[in-house]
Structures are given as C-alpha cells and as structure tokens.
Amino acid sequence: MDSPDSVAGPPVDALRSVFHLQETRRDGDRVVFYGESLVPEQMLLREVWGAFREAGYEIQVSTTRGPRDDVVVARPTANGVDGIPWKNLVLFSATIVSTLLVGALTWYYIPLSDLLADPLLVLRAWPFTVAILGVLATHELGHYVMGRYHGVDVSLPYVIPFIFPFGTLGAIIRMRGQMPDRETLFDIGVAGPLAGLAATIVVTAVGLSLPPIEVPPWALRGSGQVIVFNNPPLLNLLASLLGEPTEYADPSVAVNPVIIGGWVGMFFTVLNLLPVGQLDGGHILRAMLGESQERVAAVVPAALFGIAAYLHYGLGYALNESVGLWAFWGLLSAFIAFKGPANPIDDSPLDAPRLVVGVLTFALGALCFLLVPVEVMAA
C-alpha cells in the first residue's frame, strides 16, 4: 500500500479538492484512489477531469468497497493503436470469407456443388463483399476518426461475421474514454451515420449503374416463395435520378448484387439512428436535448412493438417477415435504453449549427426507413 502522496503522475492535488483521499494503489498502469467523495459523482468528474486529462490520464468513479469508501480510477490516455490489432484483423478476415460465401451462394447463384469443386469461384462475389464491408467500415471509421480527433479513446472497428442473408451482423467500435462535453458526443455520434450514408450513396449509385445478373433456371424452381428486400425511399430516389431500374419484369434477370450493399447501408443507418442509449441516435439526441433524451428513448421500444403489432394484426404480415424484425428491435432497444446514454462531463448546450446538422441527419435517416423492409412473397 502507498501513502496518498507517494504515487507520481496524476494530479492528486486537484483530486483532493473534492475527494477525501485515504489510500492510493497502483494496479498495472492504473492508479486507484480510495477515500470518500465530497461531492456527487458527476460534479467530481467535472471538477477534476480537465487536470487529469492534461496530465495524460482518463478518470472514472468506480465501485465502492464499503458504504463510505469511494474509488476513483485513473489510467493513461491511449494515444493510438497499441501493437497489431489481431482481434480486429481476425474478425475482418472472417467477415471477408463469410460475405464472399454468402454472396456467391445467395446473390450470385453459384451452386454449392460448384463451390466445393472449385473454391475459387467464391471470388466472383468480391463486388458484393467490397460493397457490404465498404459501407459498414466507412460508418465505423467515421466514429473512429472523430473520436481520435477529439482525443477520446476509441477502438478500431470490430466487423462481425455471420451467415444469411448478408454474411455479417455489422460492425462496432468501443469507446473507453470519458465524453468531455456535448459537442464531442455529438461529433462522434453523427460522424458514423453521415460517413456511412456517403458511402452508401456511392455504393448504391455504382450498383445501379452495373449490369444485372442472370438468375439460373434452378434458382427459379425454388420452394414457391422468395424473400423480398423492399426499397427504402432513398434507394428509389437514387434510381430515379440515375434513370436505372431496381427490378425487372423478367424473373431470370436480377439487379446487380452491389445494390444490396447500399440496401444494407440504409437499413443499418435506420437501426443505428434509433434515439436510445448508446446507439448513434442516442448519442446525437443526448447531445441535442440533454437529459430529456431519456424521455424520448422510453417511447422507442413501444413504438417498435406498435409497428410490429400493426403489421401483424392490421396488415396480416407473418411473424417471420418484418413483424419479427421490429419486435426483436423493440426488445433490444428496451435493453439499450435501460443501460442509459453516455453522459458528458460538461453538459452545456450545443451550438445552433450542430443542432441543424442533427436534424438533417435524422431526416436523412428517415429517407432510409420503410415499414416493411423484408417480406415473403410467392415466386
């Protein structure tokens, strides 16, 4: 055990003004202070965060050891990627493989028997993989770049491999540092959707400009049902501007699979902009409205359950279509809302230009929304 003054590094004097320090320990590169806070947690963070940040430390109030013992943890601020990010690279490589396989089998109609005979046929799906990973990675890199710009400790993107229908569940980043103010929270939150939408528009325009693909006869002799991914308004708008079709009367012709990358970008934008918890929409609205954001977040799960109920009982859609999709997100959004939003240390209101950007971002997200994104239809 160290005496309170024996640990060099963090600005202990700044902490003493709001914290009765009784004991200090080192835990690896962290410095842990034990004692009793003289002010509420958020006020403590607000009072000492700047001094610790200037000294190169992040600070957080951790769990208590007893009824009157508070714990403050300081750790060095990360200044970039430490070593080779093996986990990120492994997940990214696995997602390349999963999107190639799903793209080849589902969207380029390459029979499994042909892939087993010649595995290199999977490379025909590389445009699909580039489109999917391009929009997802650009979205997360928007967060990453803005986080680094503001000095917030954020990880590189983690891309999640999956199976049907896209070969991935999306991508995430981890934000480990404190959020200094609403401006930082807003900038990091809005950077992902705007960057992702820019990539989505480019990918969609490219996909619409590429030639359609042929659907082989064996694919037309299916079970009698097909899963249809309906067009968001933004996709139809881009198609109209370019004068390109989004479907063909001839069932043996299908749109280029690159367009699916644009569809994924639009749908994931809608989900990310749900204004709950630590989703992008939650970050943006928390920065715009302050603590009032939580009242909005409380309504979101009920709204999603309402959409699911309306589709099922009002319009007669089956549970395995968009009904189940919105019901699932109703449950997930309730959990995310319960976990709560990120709370900036400085809760001063945003400036007018950022408020305008926030409103425009949600408006762009609305162009990506549709009530029935997926449905099952007769072939």
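Buried means under 20% relative accessible area, exposed means over 50%, and partly exposed lies in between (1.4 Å probe, protein chains only). Keep that scale at hand for this tour of a predicted model, in which local features need pLDDT of at least 70, side-chain atom pairs count only at pLDDT 80 or more, and totals for chains, interfaces and linings use all residues. Residues are numbered from 1 along each chain as its sequence is written, and side-chain values use heavy atoms, leaving out hydrogens and water.

**Stop 1: the surface**

Start by selecting L194, which sits in helix 6; helices here are DSSP runs of H or I with at least four residues, strands are runs of E with at least two, and both are numbered from the N terminus. L194 counts as partly exposed because its relative accessibility is 33%. Helix 8 gives the largest share of the patch, 3 residues.

**Stop 2: under helix 8**

Next, pick L234, also in helix 8. At 7% relative accessibility, L234 counts as buried. Beyond its neighbours within four places in sequence, L234 contacts (heavy atoms within 4.5 Å) L197, I201, M266, L367 and C368.

**Stop 3: the core**

Select W107, W263, V264 and W326. Within the largest nonpolar core, of 52 residues, these four touch the most other members. Such a core is a set of buried Ala, Val, Leu, Ile, Met, Phe, Trp, Tyr and Cys residues joined through side-chain atoms within 4.5 Å. Helix 9 supplies its largest share, 10 residues.

**Stop 4: the rings**

Rings of Phe, Tyr and Trp (its six-membered ring) pair if their centres lie within 6.5 Å; planes under 30 degrees apart are stacked, over 60 edge-to-face, and the rest tilted. The whole structure holds 11 aromatic pairs. F166 and F229 have ring centres 5.6 Å apart and planes at 50°, so this pair is tilted. F229 and W263 pair edge-to-face, at 5.1 Å between centres and 80° between planes.
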